[in-house]
Amino acid sequence: MTEYLKPVDRESARRYLDEHRDSAKIVAGGQSLSLLLRQGLLDPDVMIDISDVDEFSGIETGPDRVSIGAVTTYEQLESHPVSSTVETLGDSVDVIADRQVRTAGTIGGAISHADPSLDIVPPLLCLDATVRIGSVDGERTVPLEEFHDGYMAADLAQNELVEGITFDGSASDWESNYAKHSRVSGGWATVGIASRVRTTDDRDAFTDVRIAAAAVGDTAVRLSSVEDALIGEPTDRETVADAASNATADIDPLDDLSGSAEYKKHLARTLVERSINRTVDRTGGVR
Amino acid sequence: MSRLRRDERTVQRQSERVVGSDVPKIDAEDKVAGDARFGSDLEPDDVLYAAVLYSTRTHAEIDDVDLSPAMAIDGVECALARPDFMGKFDDRVRHYGDVIAAIAATGPETADRAVNAIDYDLTPLDAVHDAREAVDGDAPTVHPNNLDIAQHAQHDFTIENENYTKNIDDYHELTVGDPDRGFEEADHVVTGEYTTPRVSHCNLDTHCTIAEWDDDTLVLTETLASHGRSQREIAGFLEIDPERVKIKEPPSASSSFGGRSLRKLTVEPVAASLAREVDRPVRLQLDREREFVSTATRHQTQFTLETGITADGEITAMSVDVVTDTGAYPNGVGHVVLKNSRDRPLDVYRIPNYEYEGVAAFTNNVPGGEYRAIGSTQLTFALESHLDEVAARAGLDRITFRRKNLVEEGYVRPHTEVPIGSCGVDDCLERGLRRFEELERDETGDPRITRGWGVAVGAHPTTSGATSEDSSEAILTLTADGTVTAHTGAVDQGQGIDTVIAQIVGHETGIPTSRVDVEPFSTTDRFADHLGSIASRSTYIIGAAVRDAAIALERELHDRAASALDVSADAIEIQDGVAASPNGEGIPVEQLLSPTDGDELEVYGSASSTETPVSYGAHFAAVEVDVETGDVDVLTFVASQDVGHAINPKMIEGQLEGAIQHGIEFALYSELQLDRGMPKNANLADYPVISPKEMPEDVACEIVESNEQSGPYGAKGVGTPSMPPVAPAIMNALADATGNRFRDPPIDSETVYTELSSEDRR
Amino acid sequence: MQTEDEITIEAEQEQLWALISDPEVLVNCVPGAKEVTQESETEYTGVIERSLAGVTLSLNGEVDMIEREPPTYVKVDAVGEDSRTNSRMDATAEMTIAESGDGASELSYVIDMEFTGRLATLGSRLVKRKIRSDIDEFFENVRDELENGEAASDG
Amino acid sequence: MTEISFELDGEQVTTNVDPKTPLREVLRDEFGKKGVKSSCDSGRCGVCTVHLDGDAVKSCLVLAPKADGRTVTTIEGLAGETDDLHDVQQAFLDKFATQCGYCIPGMIMTAVDYLEDGEYSGERAEIESALKGNVCRCTGYEKIVDAVEEVANSRS
């Protein structure tokens, strides 16, 4: 019979995991896990529910860093001011599944799950987020871009858990967006594109561009070919359209029920263009 | 004398708005309070839980089943391999989700564990997954022609087509007039091929039956809307006397759309076999994947249509060729698909010369079955798409062309002597169009957006039309607490028939609807109704029987009140359950019970009809297409539907809105995808059902009343007939928006995008 | 689900053929393959262990070369079943080996695969990408085996 | 087995569960809350929606131990001690939002969460988004959205 442990502080959470290692499963929101348990696909000896660990919960905004605890729910993120100031986060949370799933689903659970179709990951990639990983040996941080190191695979040792995620959310001169295509509302993304840009004061040219995509590869990815094609370039529609055509360089979609690889490549180009244009519009638009 | 008196009163009561008014659903309070109990909520104390070993092979011989590892598990009471089931089960599986073996255990988890422990060997057999290939002489045999399983044996047939040799579930052909000459006389002849998808009902409450044996009588507790047919077929399959099958309805029936009309070979006979073996009640509930693959879907159907018209748009000839996929067993009704697709063009349009050939084939696919306007939905999609193409070829306006050829009341169809009864199709078109125009939007001015509109006409008969006469009986009992209980063959699966029955009783007797209880499908030995709530017959024929009984009750109460109050029966008025004389003296109806009544006053009513009235609809859709992504958004939908007479307009709107939902899914979203018979999306994460976000922003219902002479108060069916025009209206709008005709729904955004971006696009 | 691709491998046609017909080498190249037994000239059985989203699958497989034209063409039918999750994979694979000059060969393949059962009901999306990445890895391992004489261990 | 205690529809309850069990099963099987429905088993359809500390969750996706020390409200406890219906229940009744009714308990629990969770505009598009995690097969959602819209308007 499975043992259910409920540590109340970081140290005991880390210790329990160290004791049980691969016979244990970390429970954050527990939603993805419960599906696997229900189907009899998983049968862990120990479940470690970290949702009562204070150090892992909540959103802290410092002068230049935003820190989101692993057990923070989508709903908490949605109602936090950071979702308005960093619009790509708010856009993304708004289209994740549905209200009930967002109430229970956690940021840390999602990131640990490493599904490349998750909507929350591209915005975080555009924020250059780093993952805070804990174990009895202490904390280490890994850039999110490196943390997902393969299909449904994350850079976590058996005694490590995701404790939070941190990014720079201070710069107010960035604008951002998340654009998603799905078969039905609330469904998994066919393609999801986050964009985050900074322009010259006169809004004529891009000074910084970050683009990331979901559901088009083994992991969510930054589209550096598009980014490179835009930095220093004018913010007009034609330039964006030309740059968006580079989107296929960094992605590797598959044929599946949501669409063929070719269609997803086309959608990626279209959504990159739309997402950047919307972001530009948020800066006040092309002059 | 008394008849005149009653009719006067009926007029007066209608002014009081009982029949014809929006009486809240009588079961709504239980449902919103969470008190309604459905079939899957029932778990008797001594029940055992079944789990079934389902085949992941689409066609195989069962060589060996070793049940001993399962029997060794604590709590397992019974394990049976398919060859040891009762009745006609053999040693072969014929589709993914077919049954290999079954377990009964003290708990559901134990049963599941035991199923996983069963060892078995199958020898795969060649399989066939396309209905057209299945009828070819080289195809593997799924079943012999003219298979002897009930439901199949609807009629004898002779196959006229030498290419159709094997796996034939059913065959129909019909020739009217001189089709060759009709096509010769035409100025334009247009041909088109269309295919309709394999769609699942996706009822939320999955199939669940509790089987138990009372001596040698099988008692099944579950929602089965058509008792008589189910009893006959289950008994036939189990090879027992039909009298030995009883069906008990759960307190509330969950939605069906045809999915709960009839037995499923993977459900009731399996539970019955286990229950017989252990002599205890056995509960078998399907999980979501089984619900997709082990019940039934809408028959996937292939159509070839050819139509000839004169230069001014008169149809001179039509040819309809149909191949439909019955799947691995005649679970459903290939026969009905063929018959409905044969007759429907003639029910809607004047077609002097007509030829039809249709074949239903057994394949190793998930069985086809009844689903909201079976056959008509498929045919109407093909026909209404085709007629838009015909109109376009001849340069005719879509509505004018249809109007020129539509039937009307009294028209005698060329294939039957029976003239068309009530026919509101022209009103539907006119009123629907007016409403649709009111909802027209301003252009967006966005070059990435293209818009279009579409119209489709459709029809479906009320009553199954399976027999030449449909009849029903009803019993009303008045008890000492003033309550009237209606015993009928109706099952309220959400369509609202219980409320309609209460309205009719209240309307005729003057007893408030709140004091009318409706028993779900009362025991069938008290009165006859073999069909139950299928084919939108409930209001039409069961409602008529209830009305007959209610009139009898009213008359009896008048007579009794007259003698109690010492006035003439004519002078009695019943209001709010109180029978009153003109001088103001009143007596509650429950006090009119006499000692000879026993506990209750029982009256009987009946109704029969040889008519099969056709309900018509004209539906309009406006769609918007994002040309860059191919996304299709249904902006506006107007369902203009001839219901005969609206007994409860709000509930009718609910039926229409539900049909719009299912039609949008048929056109744009839903299909159970099979790859060589194996499901690719048998779960609700991959199989798209739509949410409120995919419904049109503007939905409007126009209720047209044509006063059907053979129906109670002029009513005819609405639930199924409202389905067929929905998908073609959307598909026609999509063609109008994109300039491209899509002939094989569901059409997803990728298909639209691919077509719009293809270089060889006309 | 159909996957097709072409890869160029620095090896002679015959070498490549010999490799893909050798069960011991296959054990090294098929991701997660634990034991492969040659049952007859054309039939193999084996076990493949894979993990996805923390779930471990143990597929008991049978592979049957239903058409072979050494050293250029082989068509294979494969079935893998995992009794614990009641999941099954059915696949047909066609491989064509052509000389591409300079001692190199061009291996083109078409794999048609369907995955059914409890794992698949969680969402075909998940399983597909895993299978695709395993196929890619297999051919990469074949390449490494021939070009470097060793395959990567279980990835 | 893990012991869990929680407040269920106004009553304090305690039971032992296998921690892998979804909350829905405990509510239905242990405490007879058959108003909590079961359907897709994958978090898609929403018929099992209940409130956990006042927020709507899909109880097929929530592990039973998650309820420990918290408050669970099902459709059966929504109206509290009174015999009257909750105003959202009443609106569903008045607006003909129920047909077969199987989805309705979950639908109402989500609607209540939407209406009681801070700011809302009450616009139809927003209501549709709020309800998109609840599948209904019968109604085409029109009258369901009508019902929620009515309550939204009456409260604002």
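Between chain C and chain A, the contact takes 18 residues from chain C and 23 residues from chain A; contact means heavy atoms within 4.5 Å. The model is predicted, so local features need pLDDT of at least 70 and side-chain atom pairs count only at pLDDT 80 or more, while totals for chains, interfaces and linings use all residues. Residues are numbered from 1 along each chain as its sequence is written, chains are lettered from A in the order in which they are written, and side-chain values use heavy atoms, with hydrogens and water left out.

Chain C and chain A bury about 1,800 Å² between them. Carbon and sulfur atoms give 56% of this area. Buried area is the accessible area (1.4 Å probe) that two parts lose on being put together, summed over both. Two salt bridges cross this interface. A salt bridge is a side-chain nitrogen of Lys or Arg within 4 Å of a carboxyl oxygen of Asp or Glu. A:Asp218 and C:Arg129 form a salt bridge, with 2.8 Å from N to O. Four residue pairs are in polar contact between chain C and chain A, both residues being at pLDDT 80 or more. A polar contact is a pair of N or O atoms within 3.5 Å; within protein, one must be able to donate a hydrogen and the other to accept it, and residues adjacent in sequence count only if both atoms are side-chain atoms.

On the side of chain C that touches chain A, α3 (118-121) and α4 (124-148) of chain C each supply at least two residues. Helices (H or I, at least four residues) and strands (E, at least two) are DSSP runs, numbered from the N terminus. The largest share, eight residues, comes from α4(C). By class, this side of chain C has six nonpolar, five polar and seven charged residues. Here Ala, Val, Leu, Ile, Met, Phe, Trp, Tyr, Cys and Pro count as nonpolar, Asp, Glu, Lys and Arg as charged, and the others, Gly among them, as polar.

B:Val32, B:Leu204 and B:Pro692 supply 20% of the area that chain B buries against chain D, more than any other three residues. Seven salt bridges cross the interface of chain B and chain D. One of them joins B:Glu43 to D:Lys34, with the closest N and O atoms 2.6 Å apart.

Within chain B, helix α4 (residues 108-117) has the buried residues B:Thr110, B:Ala111, B:Ala114 and B:Val115. These four lie on the same side of α4(B), because they cover an arc of only 135° around the axis. The arc is that of the directions from the helix axis to the C-beta atoms. An α-helix has 3.6 residues a turn, so residues three or four places apart point the same way. The face turned away from the buried side of α4(B) carries the exposed residues B:Glu109 and B:Arg113. Buried means under 20% relative accessible area, exposed over 50%, and partly exposed in between (1.4 Å probe, protein chains only). The cover over the buried residues of α4(B) includes β1 (48-54), α3 (68-71), β3 (76-81) and β5 (99-105) of chain B.

Over all chains, the structure holds 96 salt bridges. D:Lys66 forms one with A:Asp49, the closest N and O atoms being 3.2 Å apart. D:Lys66 lies in the loop between β4 (55-58) and β5 (71-73) of chain D, and A:Asp49 in strand β3 (residues 46-49) of chain A, so the pair joins two chains. D:Lys66 is buried at 7% relative accessibility, and A:Asp49 is buried at 0%. B:Asp343 and B:Arg342 also form a salt bridge, at 2.6 Å from N to O. Salt bridges that share partners join B:Glu384, B:Asp388, B:Arg398, B:Arg402, B:Asp736 and B:Arg741 into one network.
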